[in-house]
Amino acid sequence: MAGYGIAMWAGLEEEAFTVGELLALATGAASGQHHHLVAVQLPVSLVMMTPITQAVDGRGPLPAAADAGLRVMASAPLPGGELPGMVDQELADLIQPGLTPAQACVLAVASCPGVTNVLLAASGAPHWKEAAKAVAQPSLTTAKLREITRVLASP
């Protein structure tokens with residue numbers, strides 16, 4: 001086995017574990033030898049924004065994992081497919097003009113500091129192509145991500 005990853009829904013966000021603790025557990029399990037932990041997976045989306053808001057400030061599990069050399073796989077960027085229905089074209093245009101709401105949501109997650117991969121389920125080839133077009137866009141800046149999270153957090 002060349003490597004393995006750890007996936008969790010809320011463990012890192014709720015600080016049940018830190019990236020440092022996961023690395024220590026992996027090292028201990030490998031009896032101090034190379035542990036082969038290469039990735040962490042957690043949900044990152046415009047609905048579950050805590051990882052994004054932390055990462056734009058240089059804190060939280062995403063930058064910690066990236067600093068440790070781990071791949072960071074963002075899962076559930078469009079939670080249950082519901083998010084694009086909650087994001088209107090005005091918000092999509094704030095994120096990146098010319099993208100659909102779904103594409104804008106995917107681009108925001110892919111642009112999050114520390115994220116190396118976005119895991120996405122698609123119902124067919126057109127959705128895959130739409131997602132590929134989104135991640136082919138230049139990454140959003142940290143300032144743009146901060147602006148987006150401020151807009152979404154405002155009442």
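Select Ser-31 to begin: just after helix α1, this residue takes a positive phi of about 55°, where helices (H or I, at least four residues) and strands (E, at least two) are DSSP runs numbered from the N terminus. The model is predicted, so local features need pLDDT of at least 70 and side-chain atom pairs count only at pLDDT 80 or more, while totals for chains, interfaces and linings use all residues. Residues are numbered from 1 along each chain as its sequence is written, and side-chain values use heavy atoms, leaving out hydrogens and water.

Next, select α1 itself, residues 19-29, and colour Val-19, Leu-22, Leu-23 and Ala-26, which are its buried residues (buried means under 20% relative accessible area, exposed over 50%, partly exposed in between, with a 1.4 Å probe and protein chains only). Looking down the axis of α1, you will find that these buried residues fall within an arc of 100°, so they line one face of the helix; the arc is that of the directions from the helix axis to the C-beta atoms. The face turned away from the buried side carries the exposed residues Leu-25 and Gly-28.

Finally, select Val-40, whose contacts (heavy atoms within 4.5 Å), leaving aside neighbours within four places in sequence, include Ile-6, Leu-22 and Ala-65.
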